[in-house]
Structure formats: C-alpha cells, structure tokens
Amino acid sequence: MILDGLLDADGAAAAFERGLAESSLEERSLATGLQDFDSHAHERNIERFTSRAATVRELLKRNLAAKVVTGRRVSSSSNSGRMGELQRQLTRQRGGMTVRKLMENYADLVTQIMPCTLVSPDSVARFFPAKADLFDIVVFDEASQIRVADAVGAMGRGASVVVVGDSKQMPPTSFAESSSDSVDEVENDITAVEDMESILSECVEARVPRQWLSWHYRSQDESLIAFSNQQYYDSKLSSFPGPSHGAPDPGLRGHGVNFVRVDGQFHRSGPSKVLRTNPIEARAVVAEVRRRFDGDSVGAPSVGVVTFNLQQRALIEGLLRDTDDPRIMKALDEDAEGLFVKNLENVQGDERDVILFSTGFSKNDKGYLPLNFGPLNRAGGERRLNVAVTRARQQVIVFSSFSPSELRAEETSSVGIKHLRSYLDLAEQGTGALPYDGRRAIGVDLHREEVADALRDRGFVVATDIGLSDFKVDISVASQESPDRPAMAILLDSPAWAARRTAGDRDGLPGDVLTRMMRWPSVQRVWLPAWIKDRNEVLDKLEQAFKQADSGSATSQSESLGLAEDELEPLSVLTVAHFPDDRAGDLFSQEQALAEGSLLAPATQILGQFTGTDDRQQAEFKPWDVQRFGNVEVLDSLHSRRSVQAVRETIRAIVEAEGPIHRERLAKLACAAFNLNKVSAQRAKSVLDVLDNDVHRCDSDGFIWDASIDRDSWFEFRTNGPEIDRKPEYISIVEIRNAMVDIVRLSGGVSIDELHRETIRTFGGKRRTAGITARLNQGLQHGVDTDQLELRDGVVYVAG
C-alpha cells in the first residue's frame, strides 16, 4: 500500500510537470500570436472590406438598372406588330383605348417596357388582367395597411411574393368623412380593422418564412427611436448612438427629441373657422418653419409637420401658404424632399430631417385636460403615435399647449394616451425619462475599463458603454475644454462584437454608420491583442487620432473596385403600396387623362428611352468573291485525289464565307472557281459528291453547313444590302426563323401577314409571290417546331 502510494505520488508529480510544460507552451504560443498580430494590417483589411462593400452597393445601383434596360425583349424602334400598335395608341389625341383596355391588350409589353411598376391594390384589380405570373415578384410595401382581400388579386398575378411591413404601425383603416362630430371626438370616422385582416398579419399567422430587420440607422440621433424601440419593438432594434447623446437640445439646434411649451388654447366650440384648432400653437409651428427656411439660404430644409387632427393640419398649411414665401410654396408643392403638413392617419411612409409635432389640445374652460385625443383613444391608437414619432432623421420638436404632467394617463385605459404621456416626458426631460430596461444594464468589461482609465490618465474626458440599445459605443472621448462634445468613439473586440454573425455587422456597418450618418468626427478600434502587445503604442495612436478629429483635419480614404457583371435575367416587379389617398399616389387612377393627352408625352418619352438588345447575331450578308482555284480540267478529273482536294478546298472557302449555303449555289460557285460558268445537273452532282462529311454536312432543307456548327443552336441571320439579291429559296429556313424571332420579340407579337412583310424587308425583298410566301411559311413552321415561336389567335409570339 505504501509503495503504491509513492508510485501514485510520483505519477502526480510527473503529470504536474507535464501540465507546466503544456501551460508554458500555450503561453509561448500566445506570446508568438501577439507578436505576429499586426493591428495596422488588420485595420487596412477592414477598410478594404468596407470600401469595397460600399463600391459593390454603388455599382449594383447602376448595373442592375442597366442590366434590366439592356435585357428588354422589345424595342421602341419597332413600328410593327403589337409594339407599333401600342405606340400608335399612346400617341392618339382622341379615341384611344382606356387604361383598362390598354392593359388588357398590352400588359405583357408594358411590364417589359417598365419592369418595375408601382400601383395601389385597387389599381391592380382595376387595370391589370387576371393572369398568373404576369410579374416575377410582387412586393407589398406598408403591408400592415393592406387587407387580405385587397392583396390576394395582386398575389395571384405574381410568381413570388415579398411582404414588407411593420405590425406595430398603422393597421388597415376605412375613411368616411363625418360632418357632425362632438368637440373631442375623432375628426374622421376611422374604423380600425383587426390585425388578422392585414396581409402582413396573415402571413405571420401562416408561418411564412420571415426575416427580422434589426439594424436601425435612419435616426441620426438615437433618442429618436429609443422610445419606440422600448415600447413597441421589445428593445430588439439595434440603433447607433451619436456624439450628442440623449440630452434634449434647449437651443433646438438640430438633434434629438425636444419639447416646446406653448400658451395656446384648443377651440372646442365657436366659429367653424377656428373650431377644433389651436391658432397660437399653429403660429408657433409656422414660425419655426420660417426660422429654418431663413437659416438655410441655399436650399430648402427637410421639414415635416404632423398634427393630431385634420383641422389643425389645414390651419397650419393655410398659414404657411399665407406667408407668400415662394420657397415655402415650392417646398410644399414641388419638392419631394421639402415641406409637408399631414395628420396622423396619412403620414406613414414619409420621413424628413426634422419633424414638428403639433399636439393641438389644451385644458378646457374648467381647467383640466380632457383625456380624449381623437385617434389615439381608439384601438390601435398607439400605432398611430409610433408612426408619427418615427418620421424624423435628425430632430423632433413637440409643440404642446399643456405640460406632460398635466396629462393624467393613469386615469385612462387607453394605451395610446399612456404612451403619449411617456413620449412627452422623454421630449421634456431627455432619455433619462425612458422606463428602465434591465437589458440595458451596464456589464462589467475589464478591458474596456482599463482602456478608459488609461485615457483618463492622459487627460481626456471619457464615458463608457454609450447607447440606448444593445449596440454600444464602448468608449467616447472628449477634451477637458469641451467635455459635452465627444470627438472620438472607440469600439472594442468585446463579446458583443464577437456575437455578431457577419463581418459586415462586426466591422463594416458600425464604423460606416457612426462616421457617415451619426457624425462622429473619429471612430477608432482597439484590438485586445494589440493592447496586450503594446498599450502605449495604442494610446499614442488614439491620442493622435483625437487631435486630428478635434481639429477637424481628419481625412478618409476610399478605394475603388472593378466588379464583373453577373448574368442577370430581367425581372418584372410589381410593388403594391398603400396610398392614404389613391388619387394622389396612384399611377393609373385617371383613365381620362390618357384621352385628354396629359399622359402622352411621358409615355412616349419612356418608350423612346428603351431599346431592347438583341442576344441574337444580326449581320450583313456578304457574298463570296469568286476566286480562281484552277481550270475546268480539275472538274473533269475528279477521280484523282489532287482534283478532289482542290474542289474540297474551294468548297471550304465558299462555306466559310456564305454558309449555310444552298447546295445549288454552292455547286455554281465551285464550278465558277474552275472557270466553268454553265453548270449542268450532272456536273453539279459530281462536285457535291466530293463533300467531306467530316467537314461539311447537308441538312434536309438542302443547305450545306460547317460540321462544327450546331444547327439547332445557331441563331444568326444576315440581312441583304441594297446591291445584294439573295433569292428566298437560297435562304435557310433556320435563318428565316431567326429573323422572324427577332422581329416578333422586338414588336412584342405580330400578325402572320405583317411578319411576312417585315421578314421580306429584312432580307431586302419588295414583292411577295406565292413562292416567297411558301418559303416564309416554312420558316415560320420551323420556328414553331423548334419551340422558338408560337401562334395564338393569328398572332405570332416568342415562345415561353
């Protein structure tokens, strides 16, 4: 027993020594890895990845559009067939087809000319034929507002469907004007429809494959989305913090959510001119709009005004128009990114840099604030609030005639009113008023604190764990002179960084968005291996970057990348969008406009821009120039190998120039090469009998082909010049078929009679005899037999 114990002790000692050796090896490997780590090379790789990804995105914008245009199968240069008919209909001043008739007859052409079409669900039903696979992709935008019944028709017209929407935004609504409402009732009779009646909710319930979009980078101040992220999206959105983080802006300089208290009065009774409006608040909003226009002498500021009711909207818009400022009028009426004034129900889908929010309501004559805020009180009212408060990219200014504390949300069960109170608290007090979310608790990160302490030792003002979502700026750095103006953001390779699944999410998107959109003067990275290897070098680099950023001399470099085009098939895409007012947003809502001529110029201009490309090979026929290969004695001695070789060489040159060539023409040209111009049938047969079947082949149509050419996949055709008279019987039915396919494709379909005329014209002919018609019919039949063409109701179409 004692011996065994000693042996065990020796074994334990040996194992311990082995462990020390292995541990020492791991330490040496780690040390070697740290020595090999080159932070500069790593950052250059990230910069290269980021710049090239950006280049790819820019190239795709141009290349995809160019590929669609060049891939069109129809051309405005074709005046024949259905394409010619469509152009003539569009240019008619009177008596032309209605939009419905045009779509019934030429929907396939329209989708080829304009492969991306934006319409409302109602227009799909009214104007597009009920035909399956009319579009390759049907995309529903703002799908939370589209009823299932309205969506089914569009879905049936597509080969695939993409449904895009936000279930926390506006549900489907029905509008009916109401002439008599009580003072505090809703200005529109709005009936909210249950979620299951939207196509978005239906797809969710049916477990259609779903993709959650979690990155949010529209808001250039994180506080703009923080409220909605907590209240509606379960804090699942990842937003980006900016240098001015979370605090309200007392000077309204241009960021965050801000609150302006106005001593206004909401008129619940009185003359109709002021009924249900707040004139003082309206004038305050107009004054802010004018201040921003006066401060921007170059262009028009991007501003939107959102109100709680129609009357306040009409009053504010009227006051803006009464200013007689031409820049404001142009921004209201013409500038797509200029000024708008809308109420809660129709602002979804819009966005501006700055949103001015007019609540309108105030205390009543008895001194208390009624808890009736129109649409917010109804089911789904909180969704309308969510829509309204997420329209801004840079700043929201809430104009209110009551203080947030005066809104007694605890006395109502309305979710919309409760959320409004929380949002007003945020606007007045800043992001500190947001409800506490345990998931936002600051985690302990020793590496982050070590870097932060080292920067503090160098005299910088440092904050850590900056952000209102699960994405954080690990460290922000400011100077002692301007502690409230951070000039540098530092990102670490933390566990949160490692948890992001793609290189773009880890290293591409964050740096790009923080610099370009959130306006951080400098974004730097600190890698743990580099910090362990030489922290002083890292700190020196950060200090130098901060000095450059603080002085405004930071520069950025971009790299360009050549991108080879992928082969892309042209797609026809139908985008079905919810328009709050179909008359304003619908491309096809005015049938009479076509007859009156208001659509003529745009339509013909669009048609004129697009010329379909030809994937078939069109060339000009060039006859073989007769060359002398010998005398007639060669033809008389075809029993000799030398004579046969000479004739075969002649045939090779002729077929190379004119193939496929009819056997009779080939025989005549071959004989002419040996100084024989009059060719008998016997002589022609003797010449053709020497054909080398390994080099040349004769098809059932009597045409000689180069054996290396696949007749079934040959799509060339050769037009005849003005001096060339090539008889139809000397043109292969394959070549005739190819010319017909090209004519039919560019014209979008053509009658047989017109196809005959265009084909004759293509090959330089003028007359159509019975023999020529028979030859053309042979070419057409060959096109049908080879599944290149199809005939429907007397009209020839490209097959498939």
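This is a predicted model: local features need pLDDT of at least 70, side-chain atom pairs count only at pLDDT 80 or more; totals for chains, interfaces and linings use all residues.
One of the pairings to look for is leucine 789 with valine 798, its bridge partner in β25. The hairpin leaves 2 residues between the strands, and aspartate 793 takes a positive phi there, near 55°.

## Helix α27 and what it packs on

β25 turns up again when you look at helix α27. The buried residues of this helix (residues 752-762) are Glu754, Leu755, His756, Thr759, Ile760 and Thr762. They pack against β25, along with α3 (81-90), β22 (716-719), α26 (733-747), β23 (750-751) and α28 (770-785). Just past the helix sits glycine 764, with a positive phi of about 80°.

## Arginine 82, a buried charged side chain

Now hop over to helix α3, which holds arginine 82. Is this arginine buried or exposed? Its relative accessible area is 8%, so it counts as buried, the cut-off being under 20%. Its side chain makes a polar contact of 2.8 Å with the side chain of aspartate 108.

Setting aside neighbours within four places in sequence, arginine 82 touches Asn105, Tyr106, Asp108 and Leu109, and also Ser747, Gly748, Gly749, Val795 and Tyr797.

## The five-stranded sheet

Next up is an open sheet of 5 strands, in the order β8-β12-β11-β9-β10, with parallel pairing. β8 and β10 (339-343) are the edge strands, each pairing on one side only. From one strand to the next, the twist averages 20°.

Zoom in on β9 (residues 303-307) and β11 (residues 352-358): 5 bridges join these parallel strands. Glycine 304 has isoleucine 355 as its bridge partner in β11.

## Helix α13

At the N-terminal end, serine 414 is the cap: a side-chain oxygen lies 3.4 Å from the backbone nitrogen of glycine 416. After the other end comes glycine 430, with a positive phi near 95°.

The buried residues in α13 are Gly416, Ile417, His419, Leu420, Tyr423, Leu424, Asp425, Leu426 and Ala427. Their cover includes the helices α8 (223-231) and α12 (381-389), plus the strands β8 (256-261) and β12 (392-400).

## The nonpolar cores

The largest nonpolar core has 41 residues, and Phe357, Phe373 and Leu407 touch the most other members. Elements giving two or more residues to this core are α8, β8, β11, α12, β12 and α13. The largest share, 6 residues, comes from α13.

Not counting residues up to four places away in sequence, it touches Val306, Phe308, Leu344, Leu385, Ala388, Val389, Ile397, Val398 and Phe399. There is also a second, separate core of 25 residues, with Leu635, Val644, Ala653 and Ile654 among them.

## Phenylalanine 361 in its loop

Phenylalanine 361 sits in the loop between β11 and α12.

In sequence, phenylalanine 361 and glutamine 265 are 96 residues apart, but their C-alpha atoms are 7.3 Å apart in space. Leaving out neighbours within four places, the contacts of phenylalanine 361 are Phe266, Arg268, Asn278, Phe308, Leu369, Asn372, Phe373, Gly374, Ser401 and Phe402. Phe308 is also touched by phenylalanine 357.

## A three-stranded sheet

One more sheet to find: 3 strands, open, in the order β19-β21-β20, with antiparallel pairing. β19 (661-662) and β20 (696-698) each have a single partner strand, so one side of each is left without a neighbour in the sheet. Between β20 and β21 (residues 703-706) there are 3 bridges, and cysteine 698 has isoleucine 704 as its partner in β21.

Methods:
Residues are numbered from 1 along each chain as its sequence is written. Side-chain values use heavy atoms; hydrogens and water are left out. Buried means under 20% relative accessible area, exposed over 50%, partly exposed in between (1.4 Å probe, protein chains only). Helices (H or I, at least four residues) and strands (E, at least two) are DSSP runs, numbered from the N terminus. Contact means heavy atoms within 4.5 Å. A polar contact is a pair of N or O atoms within 3.5 Å; within protein, one must be able to donate a hydrogen and the other to accept it, and residues adjacent in sequence count only if both atoms are side-chain atoms. Two strands pair if DSSP finds at least two bridges between them. Axes are lines fitted to C-alpha atoms, for helices over the stretch in contact, and angles run from 0 to 180 degrees between N-to-C directions. A nonpolar core is a set of buried Ala, Val, Leu, Ile, Met, Phe, Trp, Tyr and Cys residues joined through side-chain atoms within 4.5 Å.
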